[in-house]
Amino acid sequence: MQATAPSVSRRLLARLRDVMAGGGTAEERLDKVTTLIAADMVAEVCSCYVMRAGEVLELFATEGLKQAAVHKTRLRVGEGLVGDIAAHARPLALADAQAHPMFAYRPETGEELFHSLMGVPIIRAGRVIGVLVVQNRTMRHYTDEEIETLETVAMVLAELVASGELVKRDELVPVDGNALLPLRFEGIKLNAGVGIGIAVLHQPRIVIRRLVAEDPEIELERLKAALAHIKNALDELFSRPEMRDGEHRDVLETYRMFTEDKGWLGKIGEAIRSGLTAEGAVQKVHDDMRARMSQVTDPYLRERLHDFEDLANRLLQQLSGGEEANPKGELPQDAILIARTMGPMDLFDYDPKRLRGLVLEEGSPTMHVAIVARALDIPVVGRVKEVLDKVEPLDPVIVDGDNAQVFLRPSDDIRDIFSDAIIQRRQRAAHYARLKDLPAVTRDGIQVQLMMNAGLLLDMQHLHDSGADGIGLYRTELPFMARSSLPDVTAQTILYRKILDQAAGKPVVFRSLDVGGDKVLPYWNPHEEDNPALGWRSIRITLDRPAVLRHQLRALIRSASGRELRIMFPMIAEVAELVQARQILDLEVERERAAGRMLPERIKVGTMLEVPALAFQMEALLPLVDFISIGSNDMTQFLFAVDRGNPRIADRYDALSPGMLTFIRYVATKCEAAGVPLSVCGEMAGRPLEAMALIACGVRILSVASPSIGPVKTMIRTLRVAPVKAYLDGLLKLPDRSLRDKLKHFAIDHGVAL
Ligand code: PEP
Ligand code: MG
């Protein structure tokens, strides 16, 4: 059975090639194609619908339906079975099509005679540009092989549809009347910073000229050679100094594994054996994958599919002549890259000195290219919907990573504002650099410890550039998320040791694994949860899977041999959880001691305070910890019962409210009385006005993202604590929902630089 399917399709493909290359108008050729397919697939009907402007699918050719319906029958995307195939970019095969709820009867076609239907989308460059359908009178059960064959045919047909001979190209790629007007898009922030430049469309579409092949063996050899070429390019990348270590190397190592993925290569091989050229086969598997990708919601799986997609693009480039789609020499001085998505290797194709920004139609904060972009310090905005439909190459673009917005063809006014912003940014950076070695001490002599948050080895360089006093929060989960399996004790030990080495004696607070919620690990299959933020996450996972915690703690102990080690446990909701986590730590210490390993010089253990319940156990908690850190991101979420990821309620409550600040002041007072250092390490601490309020509440350690060190230090050095504390004490009794304006005015009146 298996052996016959490819040969049938190979014969069909060879005939198709002859028809497509033959004479006549495009419509005449399309007619011949439908006749040919109907005969070959033993179907009474074969019809081709082409996408027209306004998302309408128009019947362009049919064998078997009434000819009067051609150019008359039109279906909107999402309407009827044909519209459904286009809307979901996926095939449908139905023995009893008329019983399907989506069936839309069109009397002019005479299709009531035909019971079964199989249809596939015609896809070109990731866009559905038509639908190809066969129908039979009987209730025929179409096989998977038949669906595959029709998909292959649709791919070949895509060339004819996209040629511009049937409908003008601009109908296929919708461009609305606004195309050349200035436009503003919103997305999500993937990396901060502002960039001004001109649009470079990443990987302009690769046009495949040869789809049908004579000899599968030759094509398989070509595929092998192209893969070898890509592997060599990866090896070259690995040998570069900037790739020596760091999470971006992990990402690319995972990527290298894909070049050997049996399932994926098997599918391409199968497509070659069915009669396609190597590039045709890669394109087919690639299109299938894109279509499927639209239905995948799991973020890790999507990342994997993106990586495969990137690999497919590279293979296509290689196979269709080897010419580089994005030759470095032609990159403009100030380039803003625009792409639907990007693989982790892609950014290295461009000269980073010329890249001013990156705009993606898709993307998530954990996507691999975002991790690489952060390492290269390129502003990135993701999930900018439909930007590719609206942008033209060389259009002026502004990427505002700080506010997650993108301006296309901005007006002069907007351009001036952002040019000024860039200049001011540079000036501020120079000012902060001058402050680097000055202490974070207030005008009335109160010393504040200004620490930095980190999560990547690459962040460590900012510890010294910014003059931070240490790392107040090292989020350890990123390396776990960038890999395809749990890093073992050795890998973790090496990483943590490098972090401590790079800290060069400054303290580092390692937070134990804080995954779950939105931070899903690829290799754990979490159960669907209605409320993941309140679900099985963080310390709840690591206490339930103690081996993971034990291994991490063991690696931390080993990495710090002879040095100080600080460990902090996240999401502790009750003292008993902390006791349990400490017991695991103590056992690991004993184990290492028994094995004769050198232990850390001292181990300090702390807890995050993110769940309000823990604050009602301060008496029991304080004797057990060396320090406490308020995670204001989660704390705000739980104190106000407000989802931290939901933009609809993002502004509903203010952290500068009497409730939140009273809570923090209470915790600070308890900590001070017990002599336990208290820090705040959520985003709140990094905003100067909020930081001022925290200091007024009694907090003396702030841990902030590296770009906030300068602004917060500037504020601290212009502040007097006694007056702001007295002022805040009065404010906390007020019924106001926010104290923001009052605190801001206080700062202005008292010369506090915000
Ligand atoms: C917090 O919740 O404030 C915090 C620092 O942890 P994360 O943002 O990693 O959840
Ligand atoms: Mg948190």
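Okay, a quick definition before we start: when I say helix here, I mean a DSSP run of at least four residues, and helices are numbered from the N terminus. Keep in mind, too, that what you're looking at is a predicted model.

So, let's go to helix H13. This one covers residues 412-435, and aspartate 413 is found in it. Is aspartate 413 buried or exposed? Exposed means over 50% relative accessible area, and aspartate 413 comes in at 57%, so it counts as exposed.

Now, on to salt bridges. As a general idea, side chains of opposite charge can pair when their charged atoms come close. How many salt bridges does this structure hold? The count is 43. Let me walk you through some of them.

Take aspartate 40 and arginine 11. Their side chains meet in a salt bridge, with 3.4 Å from N to O. Aspartate 40 sits in helix H2, residues 26-40, while arginine 11 sits in helix H1, residues 4-21, so this pair ties together parts that are 29 residues apart in sequence.

Next up, glutamate 564 and arginine 566. Here the side chains meet in a salt bridge at 2.6 Å, N to O. Watch the labels on this one: buried means under 20%. Arginine 566 has 18%, so it is buried, but glutamate 564 has 21% and counts as partly exposed.

Then there's glutamate 601 with arginine 602, a salt bridge whose closest N and O atoms are 3.6 Å apart. Glutamate 601 is exposed at 52%, and arginine 602 is partly exposed at 37%.

Salt bridges can also link up into a network, and you can find one in this model: Arg210, Glu219, Arg222 and Glu279 are the residues involved.

Last stop, valine 156. You'll find this residue in helix H4, which spans residues 144-162. Its relative accessibility is 4%, so valine 156 counts as buried. Which residues is valine 156 in contact with, leaving aside its neighbours within four places in sequence? The list is Leu13, Leu16, Met20 and Leu211. And here's one to look for on the screen: valine 156 and glycine 280 are 124 residues apart in sequence, yet their C-alpha atoms are 8.5 Å apart in space.

Definitions and conventions
Residues are numbered from 1 along each chain as its sequence is written. Chains are lettered from A and ligands numbered from 1 in the order in which they are written. This is a predicted model: local features need pLDDT of at least 70, side-chain atom pairs count only at pLDDT 80 or more; totals for chains, interfaces and linings use all residues. Side-chain values use heavy atoms; hydrogens and water are left out. Helices (H or I, at least four residues) and strands (E, at least two) are DSSP runs, numbered from the N terminus. Buried means under 20% relative accessible area, exposed over 50%, partly exposed in between (1.4 Å probe, protein chains only). A salt bridge is a side-chain nitrogen of Lys or Arg within 4 Å of a carboxyl oxygen of Asp or Glu. Contact means heavy atoms within 4.5 Å.
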